[in-house]
Amino acid sequence: MNDYNHPRSGPEADNHAATAPREAGPVGPRRKRCAQCGKPFGLVRRRRAGMQFCSNACLTEQAQGAHRAVREKARWFEFLNARG
Ligand SMILES: [Zn+2]
């Protein structure tokens, strides 16, 4: 029913369930939720970097958060290097 294939999805589409043993909730390990807002998926499902998102907005939000985290880490390294 919900297992239709995206035209862009590769053979690794459902392999992530095996790598997340602690996410087995009452709905089961195969029904994941949006990695950004935690809501269950509707008709649309976006995938990026092994995570799944309920909408394009959540996808871009997560990507911006990741970029910000990388930038903050880079700033930390600069800070530590500057101190010697
Ligand atoms: Zn979402």
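**Notebook: a first look around the chain**

I began with helix H1, and I found two of its 27 residues buried, so H1 lies largely in the open. A reminder to myself: this is a predicted model.

**Entry on the helix.** I looked up where H1 runs, and H1 covers residues 56–82. From its first C-alpha to its last, H1 reaches 39 Å, which is close to the 39 Å expected at 1.5 Å a residue.

**Entry on the whole chain.** Next I stepped back to see what else is there. I counted one helix and two strands in the chain. In what order do they come along the sequence? I read the pattern as β-β-α. I also looked up burial: 8% of the 84 residues count as buried. For contacts with a separation of 6 or more, I noted that 13% are between residues 24 or more positions apart.

**Entry on the core.** Which residues make up the largest nonpolar core? I found five residues in all: Cys34, Phe53, Cys54, Cys58 and Leu59. Setting aside neighbours within four places in sequence, I see Cys34 in contact with Lys39, Phe41, Gln52, Phe53, Cys54 and Cys58.

**Entry on Arg48.** I found Arg48 in strand E1. Is Arg48 buried, exposed or partly exposed? I have Arg48 down as partly exposed, because it has 14 C-beta neighbours inside 10 Å, and that count falls between the 12 or fewer of an exposed residue and the 20 or more of a buried one. Beyond four places in sequence, Arg48 touches Phe53, Leu59 and Ala63. I checked the pair Arg48 and Ala63: they are 15 residues apart in sequence and 8.9 Å apart in space, C-alpha to C-alpha.

**Entry on Ala49.** I moved on to Ala49, which sits in the loop between strand E1 (46–48) and strand E2 (51–53). I noted Ala49 as exposed, because it has 9 C-beta neighbours inside 10 Å.

**Entry on Gly42.** Where is Gly42 found? I located Gly42 in the segment before E1. Gly42 counts as exposed, because 9 other C-beta atoms lie within 10 Å. Last, I looked up Gly42 with Ser55: the two are 13 residues apart in sequence, and 8.8 Å separates them in space, C-alpha to C-alpha.

Methods
Residues numbered from 1 in each chain as written. Predicted model: local features only at pLDDT ≥ 70, side-chain atom pairs only at ≥ 80, totals over all residues. Helix = DSSP H or I, 4+ residues; strand = E, 2+ residues; numbered from the N terminus. Contact = placed C-beta atoms within 7 Å. Expected span 1.5 Å × (residues − 1). Core = buried A, V, L, I, M, F, W, Y, C linked by C-beta atoms within 7 Å.
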